[in-house]
Amino acid sequence: MTEELRWTLITGASSGIGAELARIFAGRGYPLILTARRHERLEALSAELGRNHGVPVEIMAIDLEDREAPRDLHEMLRERGIAVHTLVNNAGFGLRGYFASLPHEKQLAMIDLNVTALASLCRLMLPGMIERKRGGILNVASVAAFQAGPYMAVYYATKAFVLSLSEGLHDEAKPHGVTVTALCPGPTESEFSETAGLKDPRLFNSGVTSSAEVARAGVEGYEAGRAIVIPGARNRVGAIGAKFAPRFLSRRIAGLLQGMR
């Protein structure tokens, strides 16, 4: 077994925040397990990290929308003798549009990836961390988690789940020396906006944060043992405002920012 190594498993590592997280953890000397669907991108990132940081990198092309994938991944790691020190649940996507019009199967796939796969990986990896009394989980949520979101209703709901689960697990795991952190970025430069159909909404017209900045804030907050990390003063103000504003007002603002009205 290689339990003495601080193996870090990052899902959705092929681009954007996931790739930047991989660069940061590699820079800190963590050996990596990188997963995503696009094998060629994982290979390119693995080669880069090997050149620049000299850390061991395992790559596994896997589709976490498949409900059996988390168990398959856990079993592959067990067979290789890898004990995960840090789990980074970054894989996820969003869709903009009317709930009643967006493809049914695509919305269910979003729930399977954003919620089911994330919760399954947490459940599979957390017992070992608690037993070893070290390590933790960094779950990528969103500032969307703090309110309901017309025209991205399912996405906002999935991120609310991620935030709530992470906060609950933070308090459960902390007495065992294990950290669980929710990273809640706002609009970020990544492929997410294009996949979600968010290239022109007001939400992405200003105040967009780079993937590198988001990843750095997330890792620093996780290492500091924080339950919630919200990169950027503007995003923190927005999250607080969503908490204390009347819910009808928060919904209206969120809907306006999607550019659907």
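**Notes on the model**

Colleague: Where does Pro150 lie?

Modeller: Pro150 lies in the loop between β5 (136–140) and α5. Helices (H or I, at least four residues) and strands (E, at least two) are DSSP runs, numbered from the N terminus. Please note that this is a predicted model, in which local features need pLDDT of at least 70 and side-chain atom pairs count only at pLDDT 80 or more, while totals for chains, interfaces and linings use all residues. Residues are numbered from 1 along each chain as its sequence is written, and side-chain values use heavy atoms, with hydrogens and water left out.

Colleague: Why does Pro150 count as partly exposed?

Modeller: Because its relative accessibility is 21%. Buried means under 20% relative accessible area, exposed means over 50%, and partly exposed lies in between (1.4 Å probe, protein chains only).

Colleague: What separates the C-alpha atoms of Pro150 and Leu256?

Modeller: A distance of 8.7 Å, although the two residues are 106 residues apart along the chain. Gln147 is also found in the loop between β5 and α5. Its C-alpha is 6.6 Å from that of Ser250, and these two are 103 residues apart in sequence.

Colleague: What does Gln147 touch, not counting residues up to four places away?

Modeller: Tyr156, Ala242, Ser250 and Ala254. Contact means heavy atoms within 4.5 Å.

Colleague: For the protein, what percentage of contacts between residues at least 6 apart join residues at least 24 apart?

Modeller: The share is 72%. The protein has 9 helices and 9 strands, and 49% of its 261 residues are buried.

Colleague: Turning to the sheet, in what order do the strands come?

Modeller: An open sheet of 7 strands runs β3-β2-β1-β4-β5-β6-β9, with parallel pairing. Two strands pair if DSSP finds at least two bridges between them. The edge strands, β3 (57–61) and β9 (228–229), each pair on one side only.

Colleague: Over how many bridges do β6 and β9 pair?

Modeller: Over 2 bridges, in the parallel sense. Ala182 has Ile228 as its bridge partner in β9.

Colleague: Which strands does helix α1 touch as it packs on the sheet?

Modeller: Helix α1 (residues 16–27) touches β1, β2, β4 and β5, and its direction makes about 170° with that of β1. Axes are lines fitted to C-alpha atoms, for helices over the stretch in contact, and angles run from 0 to 180 degrees between N-to-C directions.

Colleague: How many bridges are there between β1 and β2?

Modeller: There are 4, and the pairing is parallel. Leu9 stands opposite Ile33 in β2.

Colleague: How many residues of β2 are buried?

Modeller: The count is 5 of its 5 residues. In a regular strand the side chains alternate between the two faces of the sheet. In β2 both faces are covered, with Leu32, Leu34 and Ala36 on one side and Ile33 and Thr35 on the other.

Colleague: Is Thr35 buried or exposed?

Modeller: Thr35 is buried, because its relative accessible area is 0%. Beyond residues up to four places away in sequence, it touches residues including Leu9, Leu42, Met60 and Leu73. Thr8, in strand β1, is likewise buried, with a relative accessible area of 0%. Leaving aside neighbours within four places in sequence, Thr8 is in contact with Phe25, Tyr30, Pro31, Leu32, Ile33, Thr86 and Val88.

Colleague: What is Leu87 in contact with, leaving aside neighbours within four places?

Modeller: Its contacts include Leu9, Leu121, Cys122 and Met125. Cys122 counts as buried, because its relative accessibility is 3%.

Colleague: Finally, to what does the count of disulfides come?

Modeller: The count comes to 0, where a disulfide is a pair of cysteine sulfur atoms within 2.5 Å.
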